[in-house]
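Hi,

Here is the model I promised to pass on.

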Amino acid sequence: MNHILSGSQFADKNLLDKIFAKAAELEKADKNHQVPKLLAGKIIATLFYEPSTRTRLSFESAAIKLGAGVISVENAKASTSDVKGESLEDTIKMVNCYADAVVLRHPEAGTAERAAKVSSTPVINGGDGGNEHPTQALYDLYTIKQLLDRLDNLKVIFGFDPKHSRTIRSLAKLLAIFPGNQFIFISPKSLRPSADLIKEIESLGAKVDYGENLDAVKVADVIYLNRLQQERFEDIGEFEKNRKLFILKPEHLKNSKAVVLDPLPRIDEIDVAVDALPNAKYFQQAKNGLYVRMALLLYALSKLD
Ligand code: CP
């Protein structure tokens, strides 16, 4: 069964190439209104215990475009029998009765793994706490390849909350498998990435630096920013103290050809004035999510051919 749980499971570059080729093919087909109904007769469940705009809606759109039906639970903590005390494991076994795959988002790290252990259908991790968001990382990677035509020898800035950002965590793991990549984590010291992530990406050969200002923007190929993750702070005072510490503004991007990405939602990390610059690629990135997730649904359901 093709569960999608972590960015690391896509270290096989042939598999990545296959997924990206299928995403590009589906984008073209979609523009011609000719998407093949490869998932006709299938049902995809989206089970979300945390809020989402992009992940839930793009997976649902992806499923529908491919001919599948969708059953969906938003705010699952309050609207499923979780309220009555049903375990995640039992909930997943129930969803198995009604759907051919489940996209799961949950505030606790490790939940997708737990679900996969009991699930008789593929589990797709739509974000598990501060741990991983692999489908986001895959379309981030796809977007970088589309824009820069390479995934190696890149200087990548990650900001501004690498401690809590699951998207930074998943993307750094994936980019680290390509040679010559250098990561510069920009954040206050208290929000630097966890030691386990640094150990893993350095062991793959990535070079790691840290910064506490935006000077490195001048040398970056990719500037990957993510909001401070308010919901993961133990001390809300620390979030408020740091949330506006770093804001990317047009003046930082003078003479820069770097592409600016953000998994969104944006709060303070990118001034809206940046949207008008050619560097700003975050809305294109979000659109790519639809096509990469179409390809990933095919992968999960063993229809990637
Ligand atoms: N990037 C992302 O996961 O967005 P949502 O939280 O809106 O799904």
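Below are my notes on the strands, the aromatic rings, the salt bridges and one surface patch.

Some housekeeping first. This is a predicted model, so local features need pLDDT of at least 70 and side-chain atom pairs count only at pLDDT 80 or more, while totals for chains, interfaces and linings use all residues. Residues are numbered from 1 along each chain as its sequence is written, and side-chain values use heavy atoms, with hydrogens and water left out.

Let's start with strand β5, residues 155-159. (Helices, H or I with at least four residues, and strands, E with at least two, are DSSP runs numbered from the N terminus.) Four of the five residues in β5 are buried, so the rest of the structure largely encloses this strand. Here buried means under 20% relative accessible area, exposed means over 50%, and partly exposed is in between, with a 1.4 Å probe and protein chains only.

Which strands pair with β5? One is β6 (residues 182-186), parallel to β5 over five bridges; another is β8 (residues 222-225), also parallel, over four bridges. (Two strands pair if DSSP finds at least two bridges between them.) Phe-158 sits opposite Phe-185 in β6, and Ile-157 is opposite Ile-223 in β8. Between β5 and β6 the chain runs through helix α7 (residues 166-175), making a right-handed β-α-β crossover. Right-handed here means that, with the strands pointing away from the viewer, the path from the first strand over the helix to the second runs clockwise.

Now the rings. There are 10 aromatic pairs in the structure. Rings of Phe, Tyr and Trp (its six-membered ring) pair if their centres lie within 6.5 Å; planes under 30 degrees apart are stacked, over 60 edge-to-face, and the rest tilted. Phe-158 and Phe-183 have ring centres 5.4 Å apart and planes at 65 degrees, so that pair is edge-to-face. Because Phe-158 lies in β5 and Phe-183 in β6, the pair ties together parts 25 residues apart in sequence. Phe-158 is buried at 0% relative accessibility, and Phe-183 is buried at 0% too. Ring pairs also join Phe-158, Phe-183, Phe-185, Tyr-210 and Tyr-224 into a cluster.

On to charges: the count is 23 salt bridges, each being a side-chain nitrogen of Lys or Arg within 4 Å of a carboxyl oxygen of Asp or Glu. One of them joins Asp-305 and Lys-22 (3.8 Å, N to O). That pair links distant parts of the chain, 283 residues apart: Asp-305 is in the segment after α10 (282-300), and Lys-22 is in helix α1 (residues 13-31).

Glu-231 and Arg-227 form another salt bridge (2.8 Å, N to O). Glu-231 is partly exposed at 43%, and Arg-227 is buried at 15%. Shared partners also join Glu-240, Arg-243, Lys-244 and Asp-268 into one salt-bridge network.

Last, the surface: Ile-71, Met-94 and Tyr-98 make a nonpolar patch of about 280 Å². (Patches are made of residues with over 30% relative accessible area and no salt bridge; like charges are joined within 9 Å, and nonpolar side chains, Val, Leu, Ile, Met, Phe, Trp and Tyr, within 5 Å. Accessible areas come from the Shrake-Rupley method with a 1.4 Å probe, and for residues only the protein chains shown count as cover.) Ile-71 belongs to strand β2 (residues 69-73) and is partly exposed at 35%.

Cheers
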